[in-house]
Amino acid sequence: DSGVTQTPKHLITATGQRVTLRCSPRSGDLSVYWYQQSLDQGLQFLIQYYNGEERAKGNILERFSAQQFPDLHSELNLSSLELGDSALYFCASSFRDGYSGNTIYFGEGSWLTVV
Amino acid sequence: GDSVTQMEGPVTLSEEAFLTINCTYTATGYPSLFWYVQYPGEGLQLLLKATKADDKGSNKGFEATYRKETTSFHLEKGSVQVSDSAVYFCALSDRVIQGAQKLVFGQGTRLTINP
């Protein structure tokens, strides 16, 4: 158990809908990351927050948005869903900021299926 | 941009065989290097890491040495067990700008160990 908690574990929704994925980082961790794992794209970095502020953006679509709240939990909002958005979405967290050797701890992921 | 290339899988071995999974990288700076493992139905777990050239990361009998001259970080284990069956991901984290840290993953190598 990494200490990173993600909900829901599984989600099935229709095209055009909107969903919210929730993440609680490890106790004491200030950075939260979101990654997408799909069969065709592999593991892709989406976005990073540190103590409530956006730090880095990766291949995140405009239909997707995220935020980190004062209690450090984070939400990833996915809207106007398409079949291609079906994937495993990972949240991850780390404590230190600004160090490439930081260990990043991953949750078990949220499986999203768009039908 | 930064990239990681892993040997293509799947890899199938017999129990107690020697394992090598090749990983090479391209990066502009001096990255930190990681191996993550994903067991069936679970999230990503850090297996080992190395943060500078010639460092050796080790855990659970697995080892990998950061080779700057060959830009490689090959994963090895002397005697694999059935419980090592999983997908293994090599990843790098390059220089940090304004606190941003991004893991770039290889495509993953599926390992199956037969008894």
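Me: In the hairpin of strand 5 and strand 6 of chain A, which residue takes a positive phi?
Reply: A:N51, with phi near 50°, in a hairpin that has 2 residues between the strands. Strands here are DSSP runs (E, at least two residues), numbered from the N terminus. This is a predicted model, where local features need pLDDT of at least 70, side-chain atom pairs count only at pLDDT 80 or more, and totals for chains, interfaces and linings use all residues. Residues are numbered from 1 along each chain as written, chains are lettered from A and ligands numbered from 1 in the order written, and side-chain values use heavy atoms, without hydrogens and water.

Me: How do those two strands pair, parallel or antiparallel?
Reply: Antiparallel, residues 42-50 with 53-57, over 4 bridges; pairing needs at least two DSSP bridges. A:Y50 has A:E53 as its bridge partner.

Me: Which peptide bond at A:P8 is cis?
Reply: The one from A:T7 to A:P8, with omega near -10°. A:P8 sits in the loop between strand 1 and strand 2 of chain A. In chain B, the bond from B:G9 to B:P10 is also cis, omega near -5°.

Me: Is B:E16 buried or exposed?
Reply: Exposed, at 60% relative accessible area (buried is under 20%, exposed over 50%, partly exposed in between; 1.4 Å probe, protein chains only). Its phi is positive, near 75°.

Me: What does B:L75 touch?
Reply: Beyond four places in sequence, its contacts (heavy atoms within 4.5 Å) include B:W35, B:L47 and B:Y88.
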